[in-house]
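Dear colleague,

I am passing on the structure below, together with some notes on what was found in it. Please read the notes with the structure open beside them.

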Amino acid sequence: MSNVDKPSHYTNGSIECIDAIKSSMSKTEFVGFLKANAMKYLWRYDKKSKPSEDLKKSVWFINRLIQEIEHE
């Protein structure tokens, strides 16, 4: 798996961290979390050794945000 789509260090057994985070938050909180993470990766991409990886991570969070708001 890639470091963007499904990094192995974000899975514990069969549970992905993003799913555990979602289940611990309200819909509004989770949407805010996704937005904040997308912004974080956009904010710092040009300061990293692999800027394209941070941009891809931002896109991942934006796509997940789209998925969440489309299923409201």
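**Salt bridges and a buried aspartate**

In this predicted model, the side chains of D46 and K47 come together in a salt bridge, with 3.3 Å from N to O; the term is used when a side-chain nitrogen of Lys or Arg is within 4 Å of a carboxyl oxygen of Asp or Glu. Both D46 and K47 are exposed, where exposed stands for over 50% relative accessible area, buried for under 20%, and partly exposed for what lies in between, computed with a 1.4 Å probe on protein chains only.

A search through the whole structure gives seven salt bridges. One of them joins K22 and E68, whose closest N and O atoms are 3.1 Å apart. K22 belongs to helix α1 (residues 17-23) and E68 to helix α3, so this pair ties together parts that are 46 residues apart in sequence. Helices (H or I, at least four residues) and strands (E, at least two) are DSSP runs, numbered from the N terminus. K22 counts as partly exposed because its relative accessibility is 34%, whereas E68, at 3%, counts as buried.

Another salt bridge is formed by the side chains of R44 and D54, at 3.0 Å from N to O. This pair links distant parts of the chain, since R44 is in helix α2 (residues 27-44) and D54 in helix α3, 10 residues apart. R44 is partly exposed, with a relative accessibility of 27%, while D54 is buried, with 3%.

D54 sits in helix α3, which covers residues 51-70, and, leaving aside residues up to four places away in sequence, D54 touches Y41, R44, Y45 and K48, a contact being heavy atoms within 4.5 Å.

A word on confidence is also needed. The mean pLDDT of the protein, which is the predictor's confidence in each residue from 0 to 100, is 88, and 82% of the residues reach 70 or more. Confidence is lowest in strand β1 (residues 11-12), with a mean of 60, and highest in α2, with 97. Where pLDDT is low, the predicted coordinates should not be read in detail.

Residues are numbered from 1 along each chain as its sequence is written, and side-chain values use heavy atoms, with hydrogens and water left out. Because the model is predicted, local features need pLDDT of at least 70 and side-chain atom pairs count only at pLDDT 80 or more, while totals for chains, interfaces and linings use all residues.

With kind regards
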